[in-house]
Amino acid sequence: MLRTLEQLKEMALQKQPKRIAVVFPHDQYVMDAVISAYQLGVIKPVLIGDQYIMTELLASYNDMKIIHETNPEKASFIAMQLVNDKEVDIIMKGLIDTHRLLKAVVNDKAGIKQNELLSHVGLLQYQDLNRVLFVTDGAMNIEPSVKEKIAIIENVIELVQKLDDDKPKVGLVSAVEKVNVKMRSTVDAKDILLYYREKKILFDIDGPFAIDNLISLESVLHKDLTGSVAGQANVLVFPNIETGNVFYKTSVFLAHAISAGIVVGAKVPIVLTSRADNETAKLYSIYLAVVVA
């Protein structure tokens with residue numbers, strides 16, 4: 001079981017260096033994270049953006065490859081071409097609007113979408129929890145249908161299984177533990193469980209559950225709940241972007257969780273962090289991408 005994000009660094013060091021295209025790295029936090037990973041020897045960066053800004057931020061690291069392009073759309077499509085030409089293994093978002101980069105990712109002709117759906121997976125490490133939580137999707141899919149939630153689950157399971165030998169325990173998040181026809185998240189959870197009931201799967205899944213009953217065994221015992229996921233989940237699937245995003249950012253900014261995050265479902269992992277994320281979050285996200293690339 002993945003217990004700390006520092007394990008990602010250890011895993012990354014066991015891999016061959018990965019080539020990463022960073023689109024518009026015009027931000028000191030982004031550049032610092034890239035330089036740190038480069039110094040560690042886990043990435044070989046290709047920086048796409050304004051060469052004058054990048055050179056200033058790079059300081060003495062002038063041996064990195066730079067592609068000068070000041071137009072964000074063109075810079076994004078250059079990154080897609082590098083992926084399609086198998087010249088890079090990872091894409092990283094710099095100081096560019098997410099929708100600009102993702103528009104290139106899903107482009108019919110030049111894009112790099114591979115799975116049925118792109119989705120974001122955040123990793124959260126808490127001081128008082130014995131495991132890292134994989135949370136999805138708090139960044140991309142606004143109000144996913146049951147079919148889309150199943151695609152999100154498939155994406156996160158593919159990621160978790162590359163990082164962890166243990167059987168993933170997937171919790172379908174709601175506000176209650178019983179199906180209520182007035183709460184769509186509970187009805188969707190029931191339908192998702194029906195979908196997986198007849199399938200041979202390499203993970204446990206259950207729901208609906210409120211957050212406390214996915215995280216706390218004490219809460220599970222108090223409510224007399226059963227099952228392998230209750231109180232032991234390490235994958236949390238949220239009903240919509242609002243709940244996932246609020247949980248993720250509350251964890252980081254109030255509970256001081258250490259975080260990482262990538263977009264999965266494309267030909268290569270996409271490091272997609274918030275502008276508010278610090279260097280540490282961006283660096284762990286790079287490690288994560290290196291491990292799964």
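**Close-up 1. Helices H2 and H11 cross at roughly 45°.** In this predicted model, the axes of helix H2 (residues 28-40) and H11 come within 8 Å. Axes here are lines fitted to C-alpha atoms, for helices over the stretch in contact, with angles running from 0 to 180 degrees between N-to-C directions. H2 and H11 are therefore oblique to each other (under 35 degrees is roughly parallel, over 145 roughly antiparallel, 65 to 115 roughly perpendicular, and the rest oblique). The crossing of H2 past H11 is right-handed, that is, the near helix is turned clockwise from the far one by less than a right angle. On the H2 side, the residues meeting H11 include Tyr29, Val30, Ala33 and Leu40; their partners in H11 include Leu283, Ile286 and Tyr287. Contact means heavy atoms within 4.5 Å, and helices (H or I, at least four residues) and strands (E, at least two) are DSSP runs numbered from the N terminus.

**Close-up 2. Tyr284 and Tyr287 pair up within H11.** Three residues apart, about one turn of the helix, they both sit in H11 (residues 279-292). Rings of Phe, Tyr and Trp (its six-membered ring) pair if their centres lie within 6.5 Å; planes under 30 degrees apart are stacked, over 60 edge-to-face, the rest tilted.

**Close-up 3. Tyr195, Tyr196 and Phe203 make one aromatic cluster.** The model's count is four aromatic pairs. In one of them, Tyr196 and Phe203 have ring centres 5.4 Å apart and planes at 80°, so this pair is edge-to-face. Tyr196 is buried at 4% relative accessible area, and Phe203 is buried at 6%. Over at Tyr195, the charged end of Lys199 sits over the ring, 4.8 Å from its centre (NZ of Lys or CZ of Arg within 6 Å of the ring centre and within 35 degrees of the ring normal).

**Close-up 4. Lys86 has a positive phi.** Most residues other than glycine have a negative phi. Lys86, with phi of about 60°, lies in the loop between helix H4 (72-84) and strand E4 (90-93). Lys86 is exposed, at 66% relative accessible area.

**Notes.** Residues are numbered from 1 along each chain as its sequence is written. Local features need pLDDT of at least 70 and side-chain atom pairs 80 or more, while totals for chains, interfaces and linings use all residues, and side-chain values use heavy atoms, leaving out hydrogens and water.

Methods
Buried < 20%, exposed > 50% of the residue type's maximum accessible area, 1.4 Å probe, protein only.
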